[in-house]
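Go through it step by step, and give each term its cut-off.

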Amino acid sequence: MGVDFQPDKPIYQQLIDRLAGEIIRSIRKPGDKLPSVREYAVETGVNANTIQRVYREMEQMEIVQTKRGQGTFVTEENARLVSLREDMKQQYVEAFVKDMRELGFTTTEMIRGLEEYHDEQEDRDD
Amino acid sequence: MIEAKHISKRFLLKRAVEGIDLELIPGKMYGIIGENGSGKSTLLKLLAGLLRPSTGSLKINGSPLTRKSATDIAYMTDRGRFYPYLTVKQLVDFYDSQFHDFKKEKAFRILEYLAIDPDEKLKYLSKGNLGRAKLAVTIARESPFILLDEPLSGLDPMVRESIVKGIIQFVDFERQSLIITTHEIRDIEPLLDEVFILHGGKIIDHQTVDDIRTRERLDVESWLKRKMQGNESMS
């Protein structure tokens, strides 16, 4: 229903990640208006209180801006969007490294694994 | 606010619910979960003022909660029947005549959203459409508390989804509170702020959904299962 959520993370955080991902991929561009709280609640199948929290936290992160009576908009501060992209990279790298360490891989093995995977993908694209 | 202090309900010798303490504030979505026979429906009827607690105190906004509190509480059950010869439109008129906070125009908007023909007779509606029609008249009230007893029970996935969406679309999350009993937890979880687990008539845990996911790293359904297992191994 709406969005499929992972079990081990609060829904509001998953929605922040989802919106931040869409902003980084330019699906939502600087200055774009986000759906209203209720619209986005219906779209994702989530309680409106949760969406309110999503928008509030994203505002604190300075990724979006709420204009009174107009709605919530993606920030036009380019520097913030660049650092958001960097933050997301960091977050995924950390999660990857943590999982790999738990499985007993060394950093060298991880890097080699990434390079090998990259080369395979390149070959496939040719 | 609805405030229950140590309420219990007995039917003859059977204890249906026991020693319930809870506080429900407007603007929150609550789920009461637990297996069949755990006392969910009895608790909801107590909160609706349809049953009187055998012991304990139950208040709404500081006054005793009674049958008359129905003016502030909208209640829907999957059991109760409507007059089958009424049309959906006549059902709306009936609700309009019974409840001062009923918004007729809103009822028709909800029916339209849920694709229910107002001229259809209730007896010709499918189970899913009857469920939708009941939801429409229930949430067309502006009462501060809306109590739904198993709103998704026995309905197919499409209907369940439209009922959840209807609730999100039309309930005023800032002013109204929703209290839902359910065992279809997966569909309802994204709607909820807080969850009570009822087991053997007692509340054995109460958490916010965010806390369950953050601290326990579980969704509500898995959390319930783990709690129930823990409870069985103790007894």
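How many salt bridges are there between chain B and chain A? The count is two, where a salt bridge is a side-chain nitrogen of Lys or Arg within 4 Å of a carboxyl oxygen of Asp or Glu. This is a predicted model, in which local features need pLDDT of at least 70 and side-chain atom pairs count only at pLDDT 80 or more, while totals for chains, interfaces and linings use all residues. Residues are numbered from 1 along each chain as its sequence is written, chains are lettered from A and ligands numbered from 1 in the order in which they are written, and side-chain values use heavy atoms, with hydrogens and water left out.

Arg53(A) forms a salt bridge with Asp210(B), with 2.7 Å between the closest N and O atoms. Asp8(A) forms a salt bridge with Arg217(B), and here the closest N and O atoms are 3.6 Å apart. Asp8(A) lies in the segment before helix H1 (11-24) of chain A and Arg217(B) in the loop between helix H7 (209-216) and helix H8 (220-234) of chain B, so this pair joins two chains. Helices (H or I, at least four residues) and strands (E, at least two) are DSSP runs, numbered from the N terminus.

Next comes the whole contact between the chains. Chain B gives 27 residues to it and chain A gives 22; contact means heavy atoms within 4.5 Å. About 1900 Å² is buried between chain B and chain A, and carbon and sulfur atoms give 51% of this. Buried area is the accessible area (1.4 Å probe) that two parts lose on being put together, summed over both. In chain B, the residues that lose the most area to chain A are Ile168(B), Pro190(B) and Arg213(B), together 34% of what that side buries.

Chain A itself is divided into domain 1 (11-76) and domain 2 (79-125), with bounds from an automatic or database domain assignment. The centres of the two domains, taken over C-alpha atoms, are separated by 27 Å. In their contact, 10 residues of domain 1 of chain A meet six residues of domain 2 of chain A. The area buried between these domains is about 710 Å², with 76% from carbon and sulfur atoms.
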